[in-house]
Amino acid sequence: MNTKREAKRLLSMAILAGKIMLENGAETYRVEDTISRICNSRSFITYTEPFVTPTIILLAVGFEDDILTYVQRTKNKTIDLNKIAMVNEFSRNFVSSEMSIDEGFERLREIDRTRPYSNYANILFGGLAGGFFSLLFGGTSNDFICAFIISMFVVKINSFLSKINIIYFVNNFITAAIGTYLAIIFTKLGLGSNMDKIIIGLIMPLVPGVAITNAARDSMLGDFIAGMSRGLEAAIIALSVAFGVGFILIAFHGGM
Amino acid sequence: MSYIIQFIYAFLSTLGYSVFFKVPRDSVIKSSLSGAIGWLIYIFSVDLLPSSIARTFLAAITVGFLGEFMAKRFKKPATIFTIPGIIPLVPGAGMYYTMLAIIDRDFNSAADIGTEALFIALAIAIGIIVSSSFSRALINLKPKKHNITI
């Protein structure tokens with residue numbers, strides 16, 4: 001019954017669960033935790049050792065007198081907390097029930113397909129986020145309107161560029177540059193009064209706040225490789241945004 | 001009065017980010033509330049702590065504990081409450097002014113503001129870690145239940 005094939009299927013299901021979590025912004029320790037829980041829940045697995053970095057998942061499990069190993073490369077980083085919560089719930093269900101591995105695969109694929117909010121909601125709320133941010137930092141109501149409109153643009157451009165597979169550095173650079181250019185135009189037309197407050201609002205969706213926090217957290221928990229690569233990711237994203245904003249400011253607003 | 005307005009602004013901008021980060025629908029209001037409360041702590045403690053780094057740390061600890069509490073209460077991972085919750089504290093403005101100073105070749109103030117922004121970012125991370133490890137320790141102190149929570 002508990003054949004080697006079954007052990008292999010369980011292994012690749014655990015990897016799929018980990019991959020979904022990792023690609024949607026989960027911390028590495030949470031991914032490792034989920035993978036070991038899923039594997040250890042079945043009695044024919046004698047030993048589990050996951051190793052997760054932000055770009056790769058390694059998993060070794062023991063089955064009878066054999067060790068099975070699997071390597072999974074991960075790509076396209078977005079933040080989708082809904083999927084993390086769903087995989088978390090799935091792993092809890094899987095561990096506490098006798099769910100078959102086929103059903104587990106089916107559910108995980110379903111989780112990977114879910115989209116809790118429509119594109120329009122995403123754009124609208126991205127705009128709200130930027131707009132209220134400029135208010136929070138002391139912008140006026142005119143600045144709010146400008147930041148709202150430009151942030152919606154920024155979110156739209158960002159998701160479009162990542163859909164056509166522009167690498168994230170260029171993507172952030174172009175998005176920040178277009179946003180800043182629009183902010184300059186809006187202020188020159190007299191629609192917005194504080195250009196800096198508008199720009200701060202609209203770069204907030206691009207700023208790597210989550211990456212910095214996760215990097216520091218991984219390093220402080222002892223996952224140094226994950227911490228290093230997340231930290232580098234954060235630094236490069238910050239640089240790309242700064243280049244985009246700075247380039248436009250120098251070119252169209254004086255300076256240097 | 002201004003506190004109420006700031007609370008509302010922080011709530012609504014965290015709400016925007018919660019949808020942007022695709023927080024599950026039933027948790028959007030909760031995570032926005034944790035962001036707004038964190039920001040309120042940050043502006044309330046102005047008189048108590050003059051350093052914005054220390055205030056960020058205090059606010060991040062609050063957000064972290066709130067997130068862990070809600071995670072336990074609603075059986076969701078703490079991340080979905082803490083990631084939107086820390087957003088108002090993230091030093092986006094500090095980054096912007098650092099870059100502005102570099103463009104103006106004013107490297108003294110660039111180092112000044114940049115260091116502050118960096119330490120604010122670290123203070124957020126440390127605050128979250130401190131609160132999550134403390135609450136995990138508190139959970140472990142209690143007698144073990146049979147079901148496992150992540």
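**A tour of chains A and B**

Begin by colouring chain A of this predicted model according to its domain assignment, which gives domain 1 (4-113) and domain 2 (119-253).

Now select the largest nonpolar core, a set of 123 residues in which A:Ala14, A:Ala17, A:Ile203, A:Val245, B:Ala60, B:Tyr96 and B:Ile124 have the most contacts. Helix H1 (residues 4-23) of chain A contributes the largest share of this core, with eleven residues. Because domain 1 (4-113) and domain 2 (119-253) of chain A both give residues to the core, it lies between them.

Stay with A:Ala17 for a moment and display its neighbours: leaving aside residues up to four places away in sequence, A:Ala17 touches A:Thr34, A:Ile35, A:Ile38, A:Val87, A:Phe90, A:Ser91 and A:Leu108.

Finally, bring up the interface between the chains, where 48 residues of chain A are in contact with 38 residues of chain B. On the chain A side, at least two residues each come from helices H2 (28-40), H3 (81-96), H5 (119-136), H8 (195-203), H9 (209-220) and H10 (224-253), and H5 of chain A gives the most, with ten residues. Coloured by class, the side of chain A that touches chain B shows 32 nonpolar, nine polar and seven charged residues.

Terms used. Residues are numbered from 1 along each chain as its sequence is written. Chains are lettered from A and ligands numbered from 1 in the order in which they are written. This is a predicted model: local features need pLDDT of at least 70, side-chain atom pairs count only at pLDDT 80 or more; totals for chains, interfaces and linings use all residues. A nonpolar core is a set of buried Ala, Val, Leu, Ile, Met, Phe, Trp, Tyr and Cys residues joined through C-beta atoms within 7 Å. A residue is buried if 20 or more other C-beta atoms lie within 10 Å of its own, exposed if 12 or fewer, and partly exposed in between; C-beta atoms are placed from the backbone. Helices (H or I, at least four residues) and strands (E, at least two) are DSSP runs, numbered from the N terminus. Domain bounds come from an automatic or database domain assignment. Two residues are in contact if their C-beta atoms, placed from the backbone, lie within 7 Å. Ala, Val, Leu, Ile, Met, Phe, Trp, Tyr, Cys and Pro count as nonpolar, Asp, Glu, Lys and Arg as charged, and the others, Gly among them, as polar.
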